[in-house]
Amino acid sequence: MHNGGVPEEIEREERLRVSAAAACRHLAAWWELNARDLPWRFGRTTPWGVLVSEVMSQQTQMSRVVPYWESWMAVWPDAAALAVASTAEVITAWGRLGYPRRALRLQECARVVAEEYANELPHTYEELVALPGVGDYTASAVLSFAFGERVAVIDTNIRRVLSRVFLGVESRGGAASRAERELAWCVLPEEMPERDASGSSVIWNQAVMELGATVCTAKAPQCGDCPLRGECAFLAAGLPGLGERRTRPRQRFQGTDRQVRGIILNALRQAAAQAARGVAACRLETGAPGAVPRSQIEQLWPDHVQLDACIASLDEDGLLDMLPDGSLRLP
């Protein structure tokens with residue numbers, strides 16, 4: 001205790017808020033000129049469209065997401081439409097976005113929204129996180145970006161920017177710590193009636209995330225182009241530990257189960273697409289449309305032990321059907 005009995009923690013929070021106020025002004029001006037024109041931004045889609053964009057964007061580059069999102073929303077513009085789609089249609093439309101289990105969880109979410117919420121996304125954090133496939137980040141993003149609520153949105157990009165700018169240290173990934181969550185809430189702009197829109201928490205969340213994705217990147221930040229370079233404690237300290245990550249081996253993709261699962265699903269998608277066009281070659285003697293014979297499946301990957309394990313895991317996840325003759329098809 002000092003300065004008349006004011007706790008150090010309160011003083012620290014006040015310093016952070018003062019610094020954040022300056023950062024907010026600079027970041028809002030940068031956002032206005034540099035925000036990417038993504039189709040789900042600037043009020044051009046529904047709350048459901050925002051949710052779909054967030055689910056698709058998990059662990060996926062935004063540039064890859066845009067065409068899939070546009071095609072998806074053209075076919076299934078709301079939860080009710082997606083709820084009645086076939087599993088095969090959903091998996092096929094998910095394409096190469098990766099982690100296809102997300103597509104099925106999104107459809108499960110759509111069914112709940114359509115049936116229990118009259119096809120409208122719920123407006124509370126508790127209701128959102130209770131939906132299938134919706135976690136803390138997605139619920140917070142929807143509340144902020146779709147409903148304009150004051151809530152701290154915490155993803156990898158936001159954590160990196162806030163840690164660098166306000167703490168002067170590198171964010172090393174992993175699960176968000178309590179300190180990182182407290183920091184995000186501390187610097188989040190207060191919503192005040194007299195404040196213009198540029199100082200809103202929604203603009204702040206979007207702009208910090210955008211800055212982390214395009215300028216304050218993990219390994220090669222473009223500090224000379226950063227609107228927060230004047231406030232950045234990390235830059236002032238000489239970028240200590242730049243690019244450091246938590247100690248764990250980097251997962252390779254080549255030869256992994258993830259690669260094999262993707263190869264299998266791609267073959268099934270192609271077979272389903274050909275069957276939909278009436279290509280006879282996609283039909284077995286049993287007449288099952290869109291099924292791939294076991295003999296063709298075995299040609300997809302040389303390690304048949306790994307292949308069978310991946311087929312079993314895809315079956316367990318509900319991503320394929322195993323027919324009695326050993327052939328496979330989308331559900």
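Student: How many cavities of 30 Å³ or more does the structure hold?

Tutor: The structure holds 3 cavities of 30 Å³ or more. On a 1 Å grid over the protein atoms alone, a cavity is a set of points where a 1.4 Å probe fits but cannot get out, and lining residues have an atom within 4 Å of a point. Grid points are joined across faces, edges and corners, and a volume is the space filled by probe spheres set on the points.

Student: Before we go on, what kind of model is this?

Tutor: This is a predicted model, in which local features need pLDDT of at least 70 and side-chain atom pairs count only at pLDDT 80 or more, while totals for chains, interfaces and linings use all residues. Residues are numbered from 1 along each chain as its sequence is written, and side-chain values use heavy atoms, with hydrogens and water left out.

Student: What volume does the largest cavity have, and which residues lie nearest its centre?

Tutor: The volume of the largest cavity is about 110 Å³. Its lining has 14 residues, and Cys216, Pro221, Cys223, Cys226 and Cys232 lie nearest the centre. By class, this lining divides into 11 nonpolar, 1 polar and 2 charged residues. Here Ala, Val, Leu, Ile, Met, Phe, Trp, Tyr, Cys and Pro count as nonpolar, Asp, Glu, Lys and Arg as charged, and the others, Gly among them, as polar.

Student: And which residues line the second largest cavity?

Tutor: Among them are Ala152, Ile158, Leu188, Trp204 and Asn205. The second largest cavity holds about 50 Å³ of space, and its lining has 9 nonpolar, 1 polar and no charged residues. Helix H11 gives the most to this lining, with 3 residues. Helices (H or I, at least four residues) and strands (E, at least two) are DSSP runs, numbered from the N terminus.

Student: Changing topic, at what angle do H2 and H6 pack?

Tutor: Helix H2 (residues 47–57) and helix H6 (residues 101–116) pack at about 160°, and their axes are 10 Å apart. Axes are lines fitted to C-alpha atoms, for helices over the stretch in contact, and angles run from 0 to 180 degrees between N-to-C directions. H2 and H6 are therefore roughly antiparallel to each other, a term for angles over 145 degrees.

Student: Which residues meet there?

Tutor: Residues including Trp48, Leu51 and Val55 in H2 meet residues including Arg102, Leu106 and Val113 in H6; contact means heavy atoms within 4.5 Å. The residues of this contact divide into 9 nonpolar, 1 polar and 1 charged.

Note on methods. Parallel < 35°, antiparallel > 145°, perpendicular 65-115°, else oblique. 1 Å grid on protein atoms, 1.4 Å probe; cavity = no way out; pocket = protein on both sides within 12 Å on 5 of 7 lines; lining within 4 Å.
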